[in-house]
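Me: I am new to this structure. Please show it, and then let us go through it by question and answer.

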Amino acid sequence: EDRISQKPRMSWSSNVGHSGGRTSSKGHHYSGSRSSSNSGSSGGRNGGRGWNNKHNKKRKSFGGGDLQHGNKRHHSHKNSHSAAAGNDRFGSNNRGVINAGVVVTEDAMLKPTLEPRKQTVSIALPGSIVANAQSAELRTYLVGQVARACTVFNVDEIVVFSEDGKSTEMEGEFGAARQRESDMNAFFARVLQYLETPQYLRRMLFPVHPDLKYAGLLNPLDAPHHVRATTPCLYREGVVTHAPPTFGALENADEEAFVGKKGRKKRGCMVNVGLRKSVYVERTLPAGVRVTVKMDHPVDAVMGKGMTGKVVPPSEPREAMGFYWGYNVRLAAGISQVFTGCPYEGGYDVTVGTSERGDDAQSPSFKLKPFNHLLVLFGGLGGLEDCILGDQDVKVSDPRNLCDVYINTCRNQGSGTIRTEEAILVTMSVLHPHIQSNEKSK
């Protein structure tokens, strides 16, 4: 059995053309590279172009065109064991590394703020909510609000579904870069994925695309997997480069680790993880594939020494150490495929629907059922009722019959309507203590 499953972070559900999330069968993934301040990341205020101060002239910034092409995500279950404890875990034995006049030790390691967990939290919402925004800038900013809210509340999966139950017709895999405008669902998903990608990878994985013209206006997620080059961390996100694995490129490394019997080079590849030098991993993977790397010497690696690591599943930082490691993005053709395309074994065991007509979730008597995989459903302008009516594969008409729990998270609201991006913040704030209690009970 191949120990690397091809499961990218963005996926189509069912007949929408499986491009995968971490869980789909097709293995295309798109993420990106940390860009310097003068590289003009994905447009922004200057209309999709950045300034190169060195040459004092404009150059094209990097957005995201084809969200699949050449940007696959690989998982390695071969190295999916839990992180070891003690000095062996970090591989540096408390040695200090001088970095620009500062001694870097294990005390500077990025540490998780949560307990290790296998439970997941997913949200699903219609991509049509961005069509209500009056301009491209406001549409982009709306998606940024959703991305920020999901990151703050440690959401592991975002499902963007079509409110009318129809699949999106697009050219090629996830749309052609030459298109002037994408479908609203694809636009939503593309911007979400761009923001989730560490900055140092975006340049390698996202070509220029109109959908990302104003992505430079958005606030960064500042998620734990967006690790700075000067911060030691046991795990890092990376992209396989075209450079062949060579021992000479790996300073102070053990030559026996890279040379097999009779002096022949071992299989492997080089991965850009946002440090001064690329990291060697023993698995041979195609260039352009995004991977999660467990560093053998995370402290030394900050100074370009001991640049070796192992490819691990993207869920390992969360399950083994307690890091929040970003969200997957999945596209679904209708609310029914939110359920049928679930990437988790056994599906979502607890589904929460949100509506002003739901039960009071702020009541002291409200309790959330124990769960392994939680799904929170949000409706569009017409609520979940319109989403159900628009999907012919859904056989019920009342959202209460579709969900395990149907709640109102903002009783006595002052406004006649609560926008979906606002509902996410309100609902996740109310559910957050219940989710944390569930994780502790496990």
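Me: In what order do the five strands of the open sheet stand?
Reply: Strands here are DSSP runs of E with at least two residues, helices are runs of H or I with at least four, and both are numbered from the N terminus. Two strands pair if DSSP finds at least two bridges between them. The pairing in this open sheet is antiparallel, and the order of its five strands is E12-E11-E10-E13-E14.

Me: Which strands stand at the edges, each with a single partner strand?
Reply: An edge strand has one partner, so one of its sides is left without a neighbour in the sheet. That holds for E12 (279-281) and E14 (309-312).

Me: What can be said about the source of the model and its numbering?
Reply: The model is predicted: local features need pLDDT of at least 70, side-chain atom pairs count only at pLDDT 80 or more, and totals for chains, interfaces and linings use all residues. Residues are numbered from 1 along each chain as its sequence is written, and side-chain values use heavy atoms, with hydrogens and water left out.

Me: Which residue in E11 stands opposite Val-239?
Reply: Strand E10 covers residues 235-240 and strand E11 residues 269-272. The two pair in the antiparallel sense over two bridges. Opposite Val-239 stands Asn-272.

Me: How far apart are the centres of the Tyr-235 and Trp-325 rings?
Reply: The whole structure holds five aromatic pairs, where rings of Phe, Tyr and Trp (its six-membered ring) pair if their centres lie within 6.5 Å, and planes under 30 degrees apart count as stacked, over 60 as edge-to-face and the rest as tilted. Tyr-235 and Trp-325 form an edge-to-face pair with 70° between the planes, and the distance from centre to centre is 6.3 Å.

Me: Is Trp-325 buried or exposed?
Reply: Buried means under 20% relative accessible area, exposed over 50%, and partly exposed in between (1.4 Å probe, protein chains only). Tyr-235 has 0% and is buried. Trp-325 has a relative accessible area of 2%, so Trp-325 is buried.

Me: Is Asp-222 buried or exposed?
Reply: Asp-222 is found in the loop between H4 and E10. Its phi is near 55°, a positive value in a residue other than glycine. With a relative accessible area of 52%, Asp-222 is exposed.

Me: What is the relative accessible area of Asn-154?
Reply: Asn-154 is found in the loop between helix H2 (136-152) and strand E9 (157-161). Phi of Asn-154 is near 55°, positive in a residue other than glycine. Asn-154 is buried, with a relative accessible area of 17%.

Me: What share of the chain do buried residues make up?
Reply: The secondary structure of the chain comes to nine helices and 18 strands. Of the 442 residues in the chain, the buried share is 54%.
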